[in-house]
Amino acid sequence: MKIEENKVVSLTYELRVTDEEGEATLVETADEENPMVFLFGVSGLPEKFEQELEGKAAGESFKFTVSAEEGY
């Protein structure tokens, strides 16, 4: 099943923040025991975040960046 509007999404992730020198710091994780779960399209998450997820399939790995301006 692909991620699309009004589908429940469960995912694992690592959130990293990059400073001015390009150094990435791990800020938050969601693993298989405690995944992030939300309703796609009405989650309140940043638009760029959902755009990057749209159309992805179960088990698919991916990586993307959301800039500060595209975040909350």
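A residue is called exposed when its relative accessible area is over 50%, and buried when that area is under 20%. Asn6 has a relative accessibility of 51% and therefore counts as exposed. The structure considered here is a predicted model. Asn6 is placed in the segment before β1. Its phi is positive, at about 65 degrees, although Asn6 is not a glycine. Most residues other than glycine have a negative phi.

Confidence in the prediction was examined next. The average pLDDT of the protein is 93, and 100% of the residues score at least 70. Among the elements, strand β4 (residues 36-39) has the highest mean pLDDT, 97, whereas β2 has the lowest, 93. Where pLDDT is low, predicted coordinates should not be read in detail.

The largest nonpolar core consists of 10 residues: Ile3, Val9, Leu11, Ala30, Met36, Phe38, Phe40, Leu45, Phe49 and Leu53. Two or more residues of this core come from each of β1, β4 and α1. In soluble globular proteins, nonpolar side chains tend to be buried together. Leu53, a member of the core, touches Ile3, Leu11, Phe38, Phe40, Phe62 and Phe64, when residues up to four places away in sequence are not counted.

Another core member, Phe49, lies in helix α1. Phe49 counts as buried because its relative accessibility is 18%, and the limit for buried is under 20%. With neighbours within four places in sequence left aside, Phe49 is in contact with Met36, Phe38, Phe64 and Val66. Phe49 and Leu11 are 38 residues apart along the chain, and their C-alpha atoms are separated by 12 Å.

Phe49 also takes part in the lining of the largest pocket. This pocket has a volume of about 1300 Å³. Its lining is made up of 37 residues, of which Tyr13, Glu14, Phe49, Phe62 and Phe64 lie nearest the centre of the pocket. The elements that contribute two or more residues to the lining are β1 (8-11), β2 (13-18), β3 (24-30) and α1 (47-53). The most is given by β2, with six residues. Sorted by class, the lining contains 21 nonpolar residues, eight polar residues and eight charged residues.

Note on methods
Residues are numbered from 1 along each chain as its sequence is written. This is a predicted model: local features need pLDDT of at least 70, side-chain atom pairs count only at pLDDT 80 or more; totals for chains, interfaces and linings use all residues. Side-chain values use heavy atoms; hydrogens and water are left out. On a 1 Å grid over the protein atoms alone, a cavity is a set of points where a 1.4 Å probe fits but cannot get out, and a pocket is an open set with protein on both sides within 12 Å along at least five of seven lines; lining residues have an atom within 4 Å of a point. Grid points are joined across faces, edges and corners, and a volume is the space filled by probe spheres set on the points. Helices (H or I, at least four residues) and strands (E, at least two) are DSSP runs, numbered from the N terminus. Ala, Val, Leu, Ile, Met, Phe, Trp, Tyr, Cys and Pro count as nonpolar, Asp, Glu, Lys and Arg as charged, and the others, Gly among them, as polar. pLDDT is the predictor's confidence in each residue, from 0 to 100. A nonpolar core is a set of buried Ala, Val, Leu, Ile, Met, Phe, Trp, Tyr and Cys residues joined through side-chain atoms within 4.5 Å. Buried means under 20% relative accessible area, exposed over 50%, partly exposed in between (1.4 Å probe, protein chains only). Contact means heavy atoms within 4.5 Å.
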